[in-house]
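Welcome! Here is a short briefing to read alongside the structure.

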Amino acid sequence: MTSPELQLQVNTAGAWKNVVRFEPARRPQVIEAVAILSRPVPAATWCIVHADGRREWISNSLAAQFRDKVRP
């Protein structure tokens, strides 16, 4: 049985857009990528949508902290 996919979404102008679907094991890399992608658009809102529909909000500061822990 495979793990359910997660989905990264971004909101830059009032509407959610799908960015990428990924396996849960890739979550750390996706959060690290959000830290990079959020630099040019700091007002963007990011979230990971889980298979059960739950949203996991990713703040720019959380993504930056995660990036710093993964790659000092």
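Two residues are in contact when they have heavy atoms within 4.5 Å of each other. With that rule, 48% of the contacts in the chain between residues at least 6 apart in sequence join residues at least 24 apart. Please keep in mind that this is a predicted model, where local features need pLDDT of at least 70, side-chain atom pairs count only at pLDDT 80 or more, and totals for chains, interfaces and linings use all residues. Residues are numbered from 1 along each chain as its sequence is written, and side-chain values use heavy atoms, with hydrogens and water left out.

**The chain as a whole**

- The chain has two helices and four strands, taken from DSSP runs numbered from the N terminus (helices: H or I, at least four residues; strands: E, at least two).
- Starting at the N terminus, the order of elements is β-β-α-β-β-α.
- Of the 72 residues in the chain, 32% are buried (buried means under 20% relative accessible area, exposed over 50%, and partly exposed in between, with a 1.4 Å probe and protein chains only).
- The accessible surface of the chain is about 4900 Å², and carbon and sulfur atoms hold 56% of that surface (Shrake-Rupley method, 1.4 Å probe; for residues, only the protein chains shown count as cover).

- Val-10 belongs to strand β1, residues 6–11, and is buried because its relative accessibility is 13%.
- Beyond neighbours within four places in sequence, Val-10 has contacts that include Ala-15, Val-19, Ala-44 and Trp-46.
- From C-alpha to C-alpha, Val-10 and Ile-48 are 8.9 Å apart in space, while 38 residues separate them in sequence.
- Gln-9 also lies in strand β1, and with 9% relative accessibility Gln-9 counts as buried.

**A salt bridge**

- Side chains of opposite charge can pair when their charged atoms come close.
- The count here is one salt bridge (a side-chain nitrogen of Lys or Arg within 4 Å of a carboxyl oxygen of Asp or Glu).
- Glu-56 and Arg-27 form a salt bridge, with their closest N and O atoms 2.3 Å apart.
- Glu-56 is in strand β4 (residues 55–58) and Arg-27 in helix α1 (residues 27–37), so this pair ties together parts that are 29 residues apart in sequence.
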